[in-house]
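Please have the structure open while I talk.

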Amino acid sequence: MLALVVALAACAPQAPPRYFGGPFRGPDPYAQVPRTQVALLLPLSGGNAQLGRAMLNAAQLALFEQGDRTVEFVPLDTGGSPSGAAAAARTAVSNGARIIVGPLTASETSAAAGAARAARAPMLALTNDAAQAGGGVWTLGITPQQQVERAMQVAAATGARRIGVLAPDDAFGRRLAQAARKAAADLDLPQPQIVMHAPRGDMAHAVRQLADATAAVGGPDAVLIGSSGERARQAAAAIASGGFATRPRLLGHALWLEDESLARDPAMEGALFAAPDPSARSGFVARYLAAFDEQPSRIVAVAYDAAGIAARAAGGGRGAMPRLGDGELFLGADGPIRLLPGGQVARGLAVFTFDGSGEPRLVESAAPPGPAGI
């Protein structure tokens, strides 16, 4: 049945089928039931069109699994640009959408949010830039703050108190550093010693700076590395020979889960990092693969989560403006999620380590975050 949905959606992306499973025969039992429109703001043309179509597939899968025919998904093309996202948002609210899923990027979200807020239509954006959240906008992408807080929680539980940060001086690195400051405050730890370095700068020099800055207190117990790939391996090697009194434990982020070279590097052994729960992820991948005969990328799961939350909030034929942010638990493709007041999103993430086996090893499964995001 779902394959038919995809074929129909591909032919007419602006008007998805109302019924899953083909033409409805006989009287429509839902004819008098108000249908709540959910707008899907996706890049269905332009450079990200292939990703946009995969996200549309994931959204349709989420709606199919909800099984609520009182919800209608309406895809709108952003063209992958802020101006396109803003235009799509205006169209969505003028057509009566009660919830908006998307758009994809931070710049598109910023451009589209005004129309959504003016119409008081909640927006479940797909970006991981938490700076876009608030005022009826939730960012569903897995944020640096969520990853850092989870890794630091486990490190603190094993005795780490003094945290160092080596982060590239770019948008992602600055967000990691900010997340480390907040996590330290939340965990009642001393504020971390942070060294920002040029994205392509001398990593050994940055490690020496950190060692010098923390020498008076005996060095850090753990160092959060904001890089990935070859740069992360360079940082690990420099830390191993960087003049610390005691070798600190390495902390990382979710991008490490996809890099096989890190798991094989002896200098990375013992590192901790947070990433989506593999059990939830494998279930979503299996269902998506069965429905669409292709492997979904990681970011496609975010569209599934956002669409599923939107369908649940809009369901039941109520027709009224849905309410979000009350802390209801949703089990998504990447693990448990709660939408909190003020645009905050709490995610349950698993924790992994590199143990010398050449594969990441699960240390702790994801636990549902508390109603307050704890």
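I call a residue buried when its relative accessible area is under 20%, exposed when it is over 50%, and partly exposed in between, using a 1.4 Å probe and protein chains only. By that criterion, 53% of the 374 residues in the protein are buried.

Before going on, this is a predicted model, in which local features need pLDDT of at least 70 and side-chain atom pairs count only at pLDDT 80 or more, while totals for chains, interfaces and linings use all residues. Residues are numbered from 1 along each chain as its sequence is written, and side-chain values use heavy atoms, with hydrogens and water left out.

The protein has eleven helices and 15 strands, taken as DSSP runs numbered from the N terminus (H or I of at least four residues for helices, E of at least two for strands).

Helix α5, residues 144–157, is largely enclosed by the rest of the structure, because ten of its 14 residues are buried, among them Q147, R150 and M152. After α5 comes G159, with a positive phi near 110 degrees.

Now, where does H253 sit? H253 lies in the loop between β9 (249–251) and α9 (260–263), and H253 is buried, at a relative accessible area of 0%. Taking contact as heavy atoms within 4.5 Å, and leaving aside neighbours within four places in sequence, H253 touches residues including Q147, F172 and S227. A polar atom of the H253 side chain is 3.0 Å from the backbone oxygen of S227.

Terms used: Polar contact = N/O pair within 3.5 Å; in protein donor to acceptor, adjacent residues only side chain to side chain.
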